[in-house]
Amino acid sequence: MDSILVKGGAELHGEIPIAGAKNACLTLMPATLLTEEPLTLMNAPRLSDIKTMTMLLQSLGAEVQSLQSGRVIAMSSLGPVKTRAEYDIVRKMRASNLVLGPLLAREGHAVVSLPGGCAIGARPMDIHIHALEALGAEIELKDGYLHAKAHGGLKGARVPLRFASVGATENTLMAATLAKGTTVIENAAREPEIVDLAACLSKMGAQIEGAGTSTITIQGVDRLGGATHPVVTDRIELGTYMLAPAICGGEVECIGGRIDLLVSFCEKLDEAGISITETDRGLKVARKNGRINAVDVKTAPFPGFPTDLQAQMMALLCTASGTSHLEETIFENRFMHAPELMRMGANIEVHGGTATVAGVEQLKGAPVMATDLRASVSLILAGLAARGETLVNRVYHLDRGYEHVEEKLGAVGARIERVAGS
Ligand code: UD1
């Protein structure tokens with residue numbers, strides 16, 4: 001398995017292009033199952049999670065082609081599709097469950113493996129199940145698989161979600177586009193990836209109002225057509241690269257960056273003393289002189305501080321002047337990067353869902369272990385600021401969510417290289 005070797009201490013200067021959003025692409029791709037016409041996604045990220053979704057859709061009978069070195073994904077689900085999503089693929093990536101809503105809407109039945117737990121928490125499917133049941137589906141758990149049926153097709157309904165789950169909102173939204181009648185999703189997630197999905201489905205002929213708010217209303221239609229759609233900017237990749245000059249000094253322009261994708265995060269960077277300027281190409285981020293300020297962070301669904309940037313923010317706060325508190329409210333076990341950062345000299349105490357980070361002057365390089373996707377990149381960021389060498393082991397998670405991280409950071413002056421594993 002590959003490792004990433006980082007030699008700390010270099011200031012960063014230059015520009016970093018931000019890719020299309022992994023999480024948007026992973027919900028836009030299953031939308032191909034809702035139509036027999038071609039669906040083409042532009043500005044797709046080149047990531048192993050996208051390959052996993054490609055394999056899953058192909059296993060269901062969809063045609064999926066990667067064009068322009070992976071930047072364009074051309075899909076077509078013209079023929080009959082299979083309705084069973086196997087454990088072997090679903091276990092690799094939880095977002096595989098996003099085929100459930102489209103398959104039910106298209107075929108009236110589907111069998112989808114439960115994803116199982118992952119390192120950051122249990123991540124059950126109850127909200128997805130209740131939402132699809134509200135649309136008339138009968139869902140049973142047998143042998144680790146969800147067996148879903150909608151006799152006579154899905155029917156529009158009021159669907160209150162007990163929590164604004166991103167995936168459950170996406171599954172329900174896709175299913176409701178082809179249901180009979182009107183569906184109202186209450187307490188819907190408001191993430192930009194949902195707005196992007198609704199924009200693409202609308203191009204395909206769906207009738208949707210309120211995406212980006214807590215109430216989404218969908219008027220079901222008989223059929224959807226094809227579309228060509230550019231994937232929205234990846235706000236998590238954006239936030240990660242905004243933290244790179246914040247943590248090790250210098251000035252970096254993130255091309256394609258937008259503040260409206262990351263308002264709470266930008267407010268926290270401002271509080272920490274990082275300057276952010278909007279340019280006509282994106283966002284320029286610079287670290288002012290001296291140490292940054294400690295800040296308190298609490299993760300929350302959009303528009304709150306994203307849980308997917310909590311680990312990277314912790315890496316920044318390790319060297320702040322003063323004590324910061326990070327409260328994780330979305331996942332129950334998302335501080336696995338803390339003990340690794342402590343191996344680099346950070347002073348962190350974790351109690352339940354809160355981490356207290358007492359800033360130290362300087363981190364020191366060390367061999368560390370990447371435990372999940374965002375934790376991996378937080379260790380790379382910490383390594384950029386640390387004195388000496390940091391070897392981040394087990395980086396396969398990283399390639400799930402960041403394309404060519406060593407090239408993007410290397411281009412702005414970071415001393416970083418991939419070490420091929422055996
Ligand atoms: C999506 C993102 C992920 C991000 C997360 C929260 C994708 C592919 N992934 O994941 O990167 O960290 O949103 O912003 O878009 N829950 C239940 N029951 C359910 C569904 C969820 O209890 O049926 C819980 C989860 O265990 C978790 C919380 O709700 O604690 C948030 O999950 P959810 O919003 O569904 O996240 P995902 O869609 O899985």
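How far is an oxygen atom of the ligand from an N or O atom in the side chain of R162? The distance is 2.9 Å. That makes a polar contact, meaning a pair of N or O atoms within 3.5 Å; within protein, one must be able to donate a hydrogen and the other to accept it, and residues adjacent in sequence count only if both atoms are side-chain atoms.

A word on the source. This is a predicted model, where local features need pLDDT of at least 70, side-chain atom pairs count only at pLDDT 80 or more, and totals for chains, interfaces and linings use all residues. Residues are numbered from 1 along each chain as its sequence is written, and side-chain values use heavy atoms, with hydrogens and water left out.

A polar side-chain atom of D308 lies 2.6 Å from a ligand oxygen atom. For I330, a polar backbone atom is 2.6 Å from an oxygen atom of the ligand. Taken alone, the ligand exposes 730 Å², and the protein buries 88% of that (Shrake-Rupley areas, 1.4 Å probe; for residues, only the protein chains shown count as cover).

Now the shell. The ligand is surrounded by 19 residues, each with a heavy atom within 4 Å of it. The closest are D126, I127, S165, D308 and I330. Eight are nonpolar, five polar and six charged. Here Ala, Val, Leu, Ile, Met, Phe, Trp, Tyr, Cys and Pro count as nonpolar, Asp, Glu, Lys and Arg as charged, and the others, Gly among them, as polar. Helix 5 (126-134) gives the most, with three residues. Helices are DSSP runs of H or I, at least four residues; strands are runs of E, at least two; both are numbered from the N terminus.

Next, the domains. Domain 1 covers 3-18 + 233-419, and domain 2 covers 22-230, with bounds from an automatic or database domain assignment. Their centres, over C-alpha atoms, are 31 Å apart.

Why is helix 10 (residues 310-317) largely enclosed by the rest of the structure? Because eight of its eight residues are buried. Buried means under 20% relative accessible area, exposed over 50%, partly exposed in between (1.4 Å probe, protein chains only).

Last, the backbone. A cis peptide bond joins F302 and P303, with omega about 10°. P303 sits in the loop between strand 18 (297-298) and helix 10.
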